Amino acid sequence: MKITAVISHILQYDMPEELGYSQQYYARRSAHLVEVRTDEGLTGWGECFGTGTVALANKGIVEKVIQPMILGDDPMDRDVIWHKVYNLMRDHGQKGMPLQSLSGVDIALWDIAGKIAGLPLHKLIGGAHRDKVQAYGYGMMLKRESLADHVARFADEAAAIRDMGFAATKMKVGLGPRQDVKLCEAVRRGIGDDFPFMVDANHCYTTPDAFFVGRALEELDAYWFEEPVAPEDHDGYRELRAGLKVNISGGEAEFNRWGWRAILENRGLDIAQPEVCALGGISEYLRVLALCHAHFTPVINHVWGSAVAVAANLQLLAAMPPLPGGLHPWQPMLEFDTTDNKFRDDLLVEPLDIQRQVKTSGGYVGIPGGPGLGVEPDRVFIRRYEVDG
Ligand code: CA
């Protein structure tokens, strides 16, 4: 079997309302799907992390840089392909957009491998350690509104996400440390004392400000404090983890085994959040997962994007070994964005219907059982939302 084409599809639509996190507001949803075609008619699907103009630039890397390197290769040689592409791109970027682009291609090659074998991805990896996974719902995004309006909305939205059946919830912060503590207090009020919540700063704080917010999170019994400081600030992560009781999480902006080796050896993370659609795809995710477990650092995948990314992550969460194991082992969760996303809800021929699963099965989501990722994108839907790049 030979690879005959590597094609990016960039999908976009204008969202019903503008949303924000600590770095920017955004009003347009996008997704970057990668399709790898073969001479025997089998097609694999993958996804690259990166929105808007970043997705358009990544499409250039996928189609104009990576595609010519691998046309004619056997799609089953995915590890050979990974290293050929990485080694040839190394001089032009060992992190960031080249790795995001390689990720989508690698995921599509795993999808093809599963379709050739007639097995779901989790079987190719070594089997399912769990047949379902609990989902946490994130929302509580920033808007251009007053602190008082944020506080009222965050309390209501947190309660609404709990009532949708999710196992936990996650909020954004980023108005400033003192204002952010007010938001966190509002969320705890909204959900009551017993429901877990997490706080995502998207690396907006200095280390002293992160300590200020982190101490409030200890009082509020938050489960984790995500990306408190810049991903490059290894000293900050190490100091925060040593000085705070709340779990420190992060890693979605880290890439490949060498980047992950550095942040794991730094001992700055209680919970690792690798992003398979950015760090180098499934091949590299499995190496990063092994590194995390070699450091006894539990993993809760960062999940963002379309139903293709969600399906890939469900497969990986099923195949994640228990750490360290036991009768009632610590379990990973599926990250789920509760805000408007047609590319997650309506992309597939047979939708995953995650919100319904969560509502009807106590916060749990099943693992797709079809070959490869176990999902098939609807080409009519793709044509309707595809933009030229
Ligand atoms: Ca995050």
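Visitor: How much space lies in the second largest pocket?

Guide: A pocket is found on a 1 Å grid over the protein atoms alone, as an open set of points with protein on both sides within 12 Å along at least five of seven lines. Its volume is the space filled by probe spheres set on the points, which are joined across faces, edges and corners. Here the second largest pocket holds about 250 Å³. The model is a predicted one, in which local features need pLDDT of at least 70 and side-chain atom pairs count only at pLDDT 80 or more, while totals for chains, interfaces and linings use all residues. Residues are numbered from 1 along each chain as its sequence is written, and side-chain values use heavy atoms, without hydrogens and water.

Visitor: Which residues line the second largest pocket?

Guide: Lining residues have an atom within 4 Å of a point. Among them are Arg 130, Lys 132, Tyr 223, Trp 330 and Tyr 364. Strand E4 (residues 132-138) gives the largest share, three residues; strands (E, at least two residues) are DSSP runs, numbered from the N terminus.

Visitor: How does the lining of the second largest pocket divide by class?

Guide: Ala, Val, Leu, Ile, Met, Phe, Trp, Tyr, Cys and Pro count as nonpolar, Asp, Glu, Lys and Arg as charged, and the others, Gly among them, as polar. This lining has seven nonpolar, two polar and two charged residues.

Visitor: Where does the largest pocket lie?

Guide: The protein is divided into domain 1 (3-118 + 380-385) and domain 2 (123-366), with bounds from an automatic or database domain assignment. Both domains give residues to the lining of the largest pocket, so this pocket lies between them. The domain centres, taken over C-alpha atoms, are 23 Å apart. The pocket has about 760 Å³ of space and 30 lining residues, with Tyr 21, Gln 24, Phe 49, Thr 51 and Trp 304 nearest its centre. Its lining consists of ten nonpolar, eleven polar and nine charged residues, and E2 supplies the largest share, four residues.

Visitor: How many cavities of 30 Å³ or more does the structure hold?

Guide: A cavity is a set of points where a 1.4 Å probe fits but cannot get out. This structure holds four cavities of 30 Å³ or more. The largest has about 110 Å³ of space, and its lining includes Glu 227, His 234 and Leu 269.
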